[in-house]
Amino acid sequence: MAEVKLVNVSKSYDQGKTWTLKNINLNIAEGEFIAFIGPSGCGKSTLLRMVCGLEDITEGELSIAGELINDWPPNERRVGMVFQSYALYPHMSVAENMAFGLKLAKADKSLINSRVEEAARILQLEALLERKPKAMSGGQRQRVAIGRSIVQQPRVFLFDEPLSNLDVALRVQMRQEIARLHNRLETTSIYVTHDQVEAMTLADHIVVLSPLALDAESNLEQVGKPLELYHHPANLFVAGFIGSPKMNFFDGFIEETGNNETRVKLTTGEILTANVDSQSANKGDRVVLGIRPEDALAETDNGNAVEGKVETLERLGAESYIYMSHDTIRENFIVRVEDSRKREVNSKMKIELPIQLCHLFNAEGKAFHRTQAPAYDL
Amino acid sequence: MMVQPRNLKYRVWTARIFMILFLCLIMFPFLMIISVSFRSGNFATGDLIPSNPSLEHWYLAFGIPWENADGSMTQPPFPVLLWLWNSIKVAFISTVLILLLSTTGAYAFARLRFRFKESMLTAMMILQMFPAVLALVAIYSLFDQIGSYVPWLGLDSLGSVTVAYLGGLALHIWLIKGYFETIDLSLEEAAAIDGATSWQAFRYVLLPLSTPILAVVFILAFITSIAEYPVASVLLQSMDNLTLAVGSRQYLNPQNYLWGDFAAAAVLSGLPISIIFLLCQRWIVGGLTSGGVKG
Amino acid sequence: MEADQKAQSPMTWLVWGIIGLIDLILLYGVTLMYAQEEIAFALIILLIVCTGTWVFISNKGYNYRYVFPALLGVSIFIVFPLIYTVNVAFTNYSSSNLLPLERVKLLHLRKTYKTDGESYNFKVYQQDSDYRILFISNKEADKHLVSQPFNETTIPSPLKTDFSPDLPEGEELPFRDTIKLRQTLKKLAIELPDSSELSMTSLRKFGPMSKIYRDIGHDTLEDVRNGNQLKPNYETGFYIEVPEGQPDSAGKQTGPGFVVYNGWDNFVRVINDPGIQGPFLQIFTWTIVFAGLSVFFTLVVGLLMACLVQWEPLKGNGVYRLLLILPYAVPAFISILIFRGLFNQNFGEINMLLNLLFGVQPEWFSNEFLAKTMVVIVNTWLGYPYMMILAIGLLKSIPDDLYEASAIDGASPIQNFFSITLPMIIKPLTPLLIASFAFNFNNLVLIALLTDGAPNIIGASTPAGATDILVSYTFRIAFGQYGQDYGLASAIATFIFIMVGVIAWVNLKATKRVLE
């Protein structure tokens, strides 16, 4: 077990002409479970592969347990990794798969056996030890892959989208198993995923990465606790990425700044209020107002509302989504309701945006601090 | 299965009869040569099943003198078994070397990054189209030269033929490389994280998984070496050093036409090679098609 | 894999040791070659040693370690011979001009003639593996002139002799065994006590000999008997005898010739010499026809058989396939020789069968058209299984639903073949067909073992036959029984290189198209 530290880590595949990752700074404490999340192409897997040595580090420093290990080959880093494809050795049985690393290290036979047995017990694989990987189900293979890294007692566990090849039900179950395993072993873990539910449920802290814009300083968007990202996204990118369905964004201008209440005028002329501290901005600045689909309220009008047209309805049973159109909306305008029976396509509808639940972002996409947001630090 | 048209039965029978006739045509030379090997004398004619079979040619093929009816002895004309042994020695050693070099080469081309990799691969692909036949004069001179420093690699030595066959490895590099590329790269990455050096990952993970293609390349290279004629015919001269492919030709000289003796020798030496091939045909077919289709 | 490869423990030292040892041996070889003035070879080996050592020692060369041996094999046995062949094409290298000038000069310098003086009879005595010669003088028969001991491997030069009162020790060799020893005896240079020299003049005698020529510089030799000069002619590659005092008169050529560069001569011969040009064009045309027909027929038969074998209603496919592959399983050289026997004009089983059925006995080896037909038939027999194997693989890759769709459209099997099967497999098949064309273009084994070119083309100045293809024609020029002309053979081989290069390039394009 060890802490992992990244200082200005950057990656370029073509000697600095274009960058995949730039200036990533992270401090991962001992025993922490951290998730890398971002859309495809943001370099989250590359970052993970740099931590384990499968990719070299173009610039910056990587240290594990206080040792600078930039130039160490993967076989000397003492990290464990679970691959998306499991990467089980097809020609070896489960037991051999798990014992492979220890055998290479010329460990004692009795030590190998006891470690393998222990891992099998933890992961409930005792009955499968003699099986070959192809004779097992996806979930079982996943467990073997985890077992293989447990056996080595690595300083850091790395997971590269480990659940993406499983079906939904199994994914939920494995997610809980990984959580349980981490509680038990308390090994520092880094978990790469594109699925925010996995990240939100498993991680102590989440790292959000974005595909690197041409002139951006860094593609690390925000690091924080799961609910912190949900309630206090640092910028438009994180706000749009965390939460499902996506947050609705309206274009507008600041009508009146304030330390608790900010008034925004949409391009359609509608005036809205949000509980954010906008003292750093000026009247007339371009802003984006955001509201989550689950926060918007249909057909209640306390003044802070916009009028849109119903386009389509998705009835899911427990809840329904109303897809609407509005002149100032970016991408989508979705409202979650519990009962959609009375709505009709093409009808006009007022949607209330509760003042304390609105997000506001400046022209650069940076969020204004929300003053009335719920506490997340539980 | 689909519902078949009504005239299917006739079609099947037509196909079957055609197939059997074609197979008769194909098998004719084999049946004939087996029949000839049991006839007495070198110019005997007769039915497909010899009326009075004789083991004369088989004795001679095994190197045992044959006592004729009139009491005279016929000595074996050529050392067939020695030739077969020469062929096997040459083919085995050259195949092992080819396998060794092409496997490591293919590994580098499939997995490692280095300069000129693409151009080297293209060069290999073009060079494999130039068989040794085209440069026999050069190969002859080359081994003439080498022989004056290293006699066991000089002209008329089995060593020279063995080494000359190494030129054929370009094709095999392509075959093995194609197979390596079908193996998930993350297996070797997993091995690296498990603490393996790149050599250990190659040795304990990639190689065991590639046994099918290695077997195919082994058999293909072995059979190619055994059946190689031009290079061996130029490099080898003395009777005891010939390989089977070069030696067999001696049987059918117009001046000394030993048709019957040839038949027995051909069956004797061709049989083991053919049987090996047929036993492994499933793999070979797989290797040829995948290698061929993938290029 | 990307991170640096660190040096590993004691293994490293072992590797260094082995590399050092190999380097030492090779460097010793380089010195030897340099001493023998084989500068080109010495340089090549030196280059290999240096790159090899760098690749196996330097960390930067790590990734090349895996490819270096393979590349070395390919360059020595494919690339180097190709370059060497092109080089030979511009020389007069042949059986009459075989050696470099230096070696020919040495040969001349070693020539001796019998000079005046006494001849000796001799007897050879053997003791263990050593021999001594007893020379018997006609004048002083009582004196025993005995040589130093020598054997096949160690011959002192000159071999000194001494008068001795006794016969040599050991057994006297019977005359028959003496004859067996003559190759060794011929090499002996005997020095008599009065320091005159003897060498073997006949099977029974040693006589005084001396060298005919002496080196007078500029590679010119002088005949010590009559003062005539031997001057090398660098155009023809022969020594010319120039009578004394007439330096400009052209004398007769004195063999053996030596190797010189003769520019485009060999290529010009191919174009101008009617005895080469005619057969060359005829053979070139036939080569293309032969390779084309072989590809066509093997493809047609192979494809047909593949379709039949893949056809589900025809049961017992496995057995059919096994039997159909048989011609491919038997080594080609055996099958070809079997056919050579079966097609034999007088004793061949095929003619017997034809005689029995139709009363004809075609002349397979002396009629040009029949010989060519036979070659194509045999090659089709040999080659269709390969096409069948490839076709089976490709047929399997065609999705079934295409045929299901066409069945609903009511297509017949023939329509299926031409509108679905063929279009689907022709693209991946193209590079394979080109490769097959190239293979048959160079199918020396078939021609050499089946017909050896027969029947012969009349009026050809080098051996050439109607069924000869370019490689077998080259092969016969270079290694045939009637005088080997390596230069001409290499010139034609160079032409073949260009052809094969073009084919290879086309193939590369076709392959790339398949991969896209």
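**View 1. A salt bridge within chain A joins A:Glu177 and A:Arg143.** The closest N and O atoms of A:Glu177 and A:Arg143 are 3.3 Å apart; a salt bridge here is a side-chain nitrogen of Lys or Arg within 4 Å of a carboxyl oxygen of Asp or Glu. A:Glu177 sits in helix H5 (residues 168-185) of chain A and A:Arg143 in helix H4 (residues 138-151) of chain A, so the pair ties together parts that are 34 residues apart in sequence. Helices are DSSP runs of H or I with at least four residues, and strands are runs of E with at least two, numbered from the N terminus. Over all chains, the whole structure has 23 salt bridges.

Before the next view, a word on the model: it is predicted, so local features need pLDDT of at least 70 and side-chain atom pairs count only at pLDDT 80 or more, while totals for chains, interfaces and linings use all residues. Residues are numbered from 1 along each chain as its sequence is written, chains are lettered from A and ligands numbered from 1 in the order in which they are written, and side-chain values use heavy atoms, leaving out hydrogens and water.

**View 2. Here chain A meets chain B, with 21 residues of chain A in contact with 17 residues of chain B.** Contact means heavy atoms within 4.5 Å. About 1,600 Å² is buried between these two chains, and carbon and sulfur atoms give 63% of that area; buried area is the accessible area (1.4 Å probe) that two parts lose on being put together, summed over both. Look for the two salt bridges between chain A and chain B. In a salt bridge with N to O at 4.0 Å, the side chain of A:Arg148 meets that of B:Asp194.

**View 3. Here chain B meets chain C, with 98 residues of chain B in contact with 103 residues of chain C.** The area buried between them is about 9,100 Å², 80% of it from carbon and sulfur atoms. B:Met129, B:Leu134 and B:Tyr149 supply 8% of the area that chain B buries against chain C, more than any other three residues. Two salt bridges are found across this interface. B:Arg39 and C:Glu349 also join their side chains in a salt bridge, at 3.0 Å from N to O.

**View 4. In chain C, helix H10 (residues 332-342) packs with helix H12 (residues 368-396).** Their contact is made by C:Ala332, C:Ser335, C:Ile336 and C:Phe339 of H10(C), together with C:Val378, C:Trp381 and C:Leu382 of H12(C).

Key. Axes fitted to C-alpha atoms, helices over the stretch in contact; angles between N-to-C directions.
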